[in-house]
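Subject: Structure for your review

Dear colleague,

Please find the structure below. My notes on the side-chain contacts follow it.

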Amino acid sequence: LDDQLESCIVMQEFSRISNTPVTELGEEIKIFRNKAARAFQVSHPYVQESVRDEYFFDLTCYSIWRVASVRIQDFSKRDLFVRNVGRKLLDEVIRLGLIPSKNINTLQSGSGGLTDTLPAVIGILELFKSSGFCTKFQLGDKNDEFRTGMLAFDELDDEELRGGGSIDCLVSV
């Protein structure tokens, strides 16, 4: 995100999906954010009005999502919006070389199973940690010592996905 809500991936994708100019969306988000700010400040006081401030970032993300829920009423389009933001963020991380290429080869090729994506997932979480976005993370349930980190998925999960099933995984940051 950027403080002006203009040039970031989120706003560009929001504009594309909602077919609304970025400047118009930015103004709507700022209006909503200003309305929610006082209540938000009570439990999550921010120091400065910048997305570099953790709580102001949270307020801004909440505001974006609330405006998106009005502007993109079709659930499948909102789902596409969020997925596209993730894809574009990953593309940017790859383009900038912020995670080792060995961790992303499986993602780029589209081959392999869920277990093969773990190095990339952990690489991205490590990037979040090293950049100060979070102080720690856990992939998998903290109460299940065996199925965490690189062991969060196994071949049975790969088979479940190939068979059309779904897999849930807890990511705590």
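A salt bridge here is a side-chain nitrogen of Lys or Arg within 4 Å of a carboxyl oxygen of Asp or Glu. Please keep in mind that this is a predicted model.

Salt bridges

Under that definition, a search of the whole structure gives 7 salt bridges. In one of them, E28 pairs with R71, and the closest N and O atoms are 2.3 Å apart. This pair links distant parts of the chain, since E28 is in helix α2 and R71 is in helix α3, 43 residues apart. E28 is partly exposed, with a relative accessible area of 26%.

R71 also forms a salt bridge with E24, where the closest N and O atoms are 2.7 Å apart. E24 lies in helix α2 (residues 22-43) and R71 in helix α3 (residues 54-71), so this pair ties together parts that are 47 residues apart in sequence. R71 has a relative accessible area of 30% and is partly exposed; E24, at 39% relative accessibility, also counts as partly exposed.

The salt bridge between K30 and E27 has its closest N and O atoms 4.0 Å apart. K30 and E27 are 3 residues apart in helix α2, so about one helical turn separates them. K30 is partly exposed at 23% relative accessibility, and E27 is partly exposed with a relative accessible area of 45%.

Aromatic pairs

A pair of aromatic rings is described by the distance of the centres and the angle of the planes. The count of aromatic pairs comes to 6. One of them is formed by F14 and F81: this pair is tilted, at 5.4 Å centre to centre and with 40 degrees between the planes. F14 belongs to helix α1 (residues 9-18) and F81 to helix α4 (residues 75-95), 67 residues apart, and the pair links these distant parts of the chain.

Are these two rings, F14 and F81, buried or exposed? F14 has 0% relative accessibility and F81 has 3%; buried means under 20%, so both count as buried. Ring pairs also link F14 and F81 with W65 in a cluster.

A second tilted pair is F128 with F133, 5.1 Å centre to centre and with 55 degrees between the planes. F128 counts as partly exposed at 25% relative accessibility, and F133 is partly exposed with a relative accessible area of 48%.

Regards

Key: Residues are numbered from 1 along each chain as its sequence is written. This is a predicted model: local features need pLDDT of at least 70, side-chain atom pairs count only at pLDDT 80 or more; totals for chains, interfaces and linings use all residues. Side-chain values use heavy atoms; hydrogens and water are left out. Rings of Phe, Tyr and Trp (its six-membered ring) pair if their centres lie within 6.5 Å; planes under 30 degrees apart count as stacked, over 60 as edge-to-face and the rest as tilted. Helices (H or I, at least four residues) and strands (E, at least two) are DSSP runs, numbered from the N terminus. Buried means under 20% relative accessible area, exposed over 50%, partly exposed in between (1.4 Å probe, protein chains only).
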